[in-house]
Structures are given as structure tokens and as C-alpha cells.
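Please examine the sequence and the three-dimensional model shown below.

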Amino acid sequence: MRGDREAFGALAARCLPRIVGTAGLILGSRDAADDAAQEALVRAWRDLPTLRDPDRFDGWLYRVLIRACHDDRRRRGRQSGSPYVYDGLPQTVPDPAESIALREAVSNGLARLTADQRTVLVLRYYLDLPLEDIALSVGVPHGTVKSRLHRALTAMEAALAAEARGPTRERTA
């Protein structure tokens with residue numbers, strides 16, 4: 001907070017994998033995730049003196065990251081770069097093919113969600129944030145987070161069920 005670049009660099013290096021992963025899950029693109037994470041770190045360096053409670057740095061940084069993700073989504077529109085593949089599943093799946101299929105299903109399911117649904121789902125289950133922290137990070141009331149999370153889980157369940165059914169064939173008349 002006193003302008004020590006080396007200290008901020010160490011802090012940023014510690015957070016970088018997690019914020020890139022979070023941004024990738026929210027934006028659905030590795031290129032966009034890298035850009036949003038970089039933008040979030042630049043904003044964090046610039047705005048660090050405004051942080052009132054240093055113990056809440058992680059939550060504050062996620063709020064900065066979410067804003068950067070939303071700004072990036074507005075800038076890019078619906079275009080995407082190389083797809084982001086979720087790799088945060090436990091390594092206890094015995095069959096590598098099963099693990100790959102599960103990761104792909106989760107990635108495809110996340111891609112079908114809205115940005116708001118994906119954001120609350122990622123913050124809750126990837127970052128394991130409590131609902132109160134999610135509300136602060138996203139800037140909406142606690143009840144709104146709960147309803148978005150409920151809708152996100154319902155939509156994700158439907159997306160995973162659709163993935164399990166596989167592609168549908170068009171009927172010819």
C-alpha cells in the first residue's frame with residue numbers, strides 16, 4: 001500500500017493463477033482471462049491506496065477482477081479466443097478419458113450460462129466464497145446472489161443433462 005513494487009509483485013504472483021482461473025471460468029476464453037487478469041492487477045496497483053482493510057485484499061481483488069471481466073466482455077462482445085478448459089476437478093477420477101469428458105462437460109455447461117450466473121457459480125464453488133463476500137464482490141444484495149446462484153445451478157444441471165444426452169439428430173421430413 002506504500003508503493004513497494006516488489007511487495008506488490010510478490011502478492012500478484014501469489015494471486016495470479018487463481019485470478020486467471022476465475023476470469024477464464026467467467027469469460028470462457030483463455031485470451032480474455034489473461035487480459036482481464038492483467039487489467040485487474042493494473043487497476044489493483046493503481047487503486048491499492050483506496051483499500052481500507054488490508055486483511056480483505058483477496059475479496060477486494062476479486063471485485064476488481066469481476067469489473068475487469070465485465071468490461072472485457074463488453075469490449076469483446078460475444079467473440080472469443082481460445083476456449084478455456086476447466087481443470088479444477090479433483091484428481092481422484094481413475095480414468096483419464098472420464099476426467100477429460102467431465103472437464104469438457106463442465107466447460108460446455110459453463111459456456112451455456114449467462115455471465116451473471118457463471119460469475120456467482122465460479123465465486124461460490126471455484127473460490128469457495130461465502131454468499132456475503134460474493135454479494136460484496138459483485139455489488140448486489142445478498143438475496144440477489146442467492147437467486148442468481150439458484151438459477152445458475154438449475155441452468156448448469158440442465159446443461160449437464162443436455163451434454164449427457166449428446167447431440168440431437170435433426171429429423172428429415
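How are α1 and α3 oriented to each other? They are oblique, a class that follows from their angle, because angles under 35 degrees count as roughly parallel, over 145 as roughly antiparallel, 65 to 115 as roughly perpendicular and the rest as oblique. The model is a predicted one, in which local features need pLDDT of at least 70 and side-chain atom pairs count only at pLDDT 80 or more, while totals for chains, interfaces and linings use all residues. Residues are numbered from 1 along each chain as its sequence is written, and side-chain values use heavy atoms, with hydrogens and water left out.

**Overall architecture**

- The protein has 7 helices and 0 strands, where helices (H or I, at least four residues) and strands (E, at least two) are DSSP runs numbered from the N terminus.
- Along the sequence, the pattern reads α-α-α-α-α-α-α.
- Of the 173 residues, 38% count as buried (under 20% relative accessible area, with a 1.4 Å probe and protein chains only).
- Among contacts (heavy atoms within 4.5 Å) with a separation of 6 or more, 68% join residues 24 or more positions apart.

**Helices α1 and α3**

- Helix α1 (residues 5–27) and helix α3 (residues 57–76) pack at an angle of about 40°, with their axes 10 Å apart; axes are lines fitted to C-alpha atoms, for helices over the stretch in contact, and angles run from 0 to 180 degrees between N-to-C directions.
- Residues of α1 in this contact include L11, C15 and I19, and those of α3 include L61, L65 and C69.
- By class, the contact of α1 with α3 has 12 nonpolar, 1 polar and 5 charged residues; Ala, Val, Leu, Ile, Met, Phe, Trp, Tyr, Cys and Pro count as nonpolar, Asp, Glu, Lys and Arg as charged, and the others, Gly among them, as polar.

**Helices α6 and α7**

- The axes of helix α6 (residues 131–138) and helix α7 (residues 142–165) come within 9 Å and cross at roughly 100°, which means that α6 is roughly perpendicular to α7.
- L131, E132, I134, A135 and V138 of α6 meet H142, V145, K146, R148 and L149 of α7.
- This contact of α6 with α7 comprises 6 nonpolar, 1 polar and 3 charged residues.

**Helix α5**

- Helix α5 (residues 115–126) has 12 residues and should span 16 Å at 1.5 Å a residue (1.5 Å times one less than the number of residues); its end C-alpha atoms are 15 Å apart, which agrees.
- Buried residues of α5 include A115, V120 and L123.
- After α5 comes D128, whose phi is positive, near 60°.

Definitions and conventions:
Buried < 20%, exposed > 50% of the residue type's maximum accessible area, 1.4 Å probe, protein only.
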